Amino acid sequence: MTIHEKWMNRALILAEKGRGYTSPNPVVGAVLIKNDTVISEGCHKKFGAPHAELNAIGKAGNNAKGATLYVNLEPCCFHGKTPPCVDAIIRSGIKDVIIGIIDPNPQVNGNGIKILKDAGIVVKVGILEKEAKTINRGFFKYIKKNRPWITLKLAVTADGFIADVTGKSKWITSEPARQFVKRQRSLHDAIMVGMGTVFKDNPSLLPESTNGFIPYRIILDEVLNIPYRFKLVSDDFKKRTVILTSQKSKKEKVKQFKSTGINVLNVASDDFGWIKLPDSFRSLAEFGITSVYCEGGGQVAGSLITQKVVDELQLFVSPKILGEGISSFGGFMRSLDEAINLNWGEPIKLGQDIFLKGTIV
């Protein structure tokens, strides 16, 4: 690891402290260095709060003069909820700025770098660029496609079933895999399930710890059938629930849900009455959600795959064989020639299970 990579890695670690709180803005960390020593550091703590660079510069005071700034995303150069970071960087006397990746926002997108260079500051871009993009992949998707990053998670038996013939799925995978999934929840703005999962499991969809960031819990409920007794609309975190529905006639139920802090978004449906997922994801982006962890059943998984809105597939394969059960993907039939292909990453063993991460080709 080079010196630049060492301090950029520190900026990436700091950026993660804002995970979940900054959306739809990115997570950003900043480190000020002199003589290979940290003089100050900061992160973007929440949406609307001062950016990471401003926090680091503010802590350093006059000591920022002549320092090198490491930041995982190009500094902003426009007035939003906070003033432009490039102005503060120039005023501080910082001599070098090392950047992980260029900001995809059209209002920035290289303009911040140009302003810094025109002010005589030495700028270097592309340090740990892949890692810098990965931690803000939701933000990149939000800016470029106006929708969240979609991760589909499935736990399956070795022969590809997500439940037995009775619908029982507890537990296909081992405890290490289940704990891994809970940690994944806290890395996304929201967790999404369909009504089949809600009725079968009555899940709470909470992360490993409820002391910090609580992701939104999204329910795909076309006809707004969810009973008031279910956890997602009655527990202490119900204000973190978002119901996506195409039902327009149940105005009293919508009013009741909203009165308790539950979010209800009316979205379009197709000719069969199913929610149009691409349109729904644009609504979620407008709501401020930039990444979604989907834990629905076979019907939801099949819809996501066939509509090609899955950015990452997380597959947890257990060493169990059922022979018969509920299929991983429902709602479509294809010949082998029409099969959807995946690119797999390296497999990881979690307890007795195998974790596979893939993207659609």
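**Helix faces and backbone exceptions**

Start with helix α4, residues 111-118: its buried residues are G112, I113 and L116. Down the axis of α4, those buried residues fall within an arc of 100°, so they line one face of the helix. The arc is taken from the directions from the helix axis to the C-beta atoms. Buried means under 20% relative accessible area, exposed means over 50%, and partly exposed is in between, with a 1.4 Å probe and protein chains only. Helices are DSSP runs of H or I, at least four residues, strands are runs of E, at least two, and both are numbered from the N terminus.

A word on provenance. This is a predicted model, so local features need pLDDT of at least 70 and side-chain atom pairs count only at pLDDT 80 or more, while totals for chains, interfaces and linings use all residues. Residues are numbered from 1 along each chain as its sequence is written, and side-chain values use heavy atoms, with hydrogens and water left out.

Back to α4. Its buried residues pack against α3, β4 (96-101) and β5 (122-125). Contact here means heavy atoms within 4.5 Å. After α4 comes G120, with a positive phi near 90°.

Now α9, residues 251-259. Which of its residues are buried? K253, V254 and F257. They cover an arc of only 100° around the axis, which puts them on the same side of α9. The face turned away from that buried side carries exposed K251, E252, K255 and S259. The cover over the buried residues of α9 includes β10 (241-245) and β11 (263-266). Just after α9, G261 has a positive phi of about 95°.

Next, a helix pair. Helices α2 (52-60) and α3 (85-92) pack at about 25°, axes 9 Å apart. That makes α2 roughly parallel to α3, a label for angles under 35 degrees. Axes are lines fitted to C-alpha atoms, for helices over the stretch in contact, and angles run from 0 to 180 degrees between N-to-C directions. From α2, E53, L54 and I57 meet C85, A88, I89 and S92 of α3.

Finally, the backbone. The S23 to P24 peptide bond is cis, omega near 5°. P24 is in the loop between α1 (3-15) and β1 (29-34). K170 to W171 is also a cis peptide bond, omega near -10°. W171 is in the loop between β7 (161-163) and α7 (175-185). D36 is not a glycine, yet has a positive phi of about 60°. D36 is partly exposed, at 38% relative accessible area.

Notes: Parallel < 35°, antiparallel > 145°, perpendicular 65-115°, else oblique.
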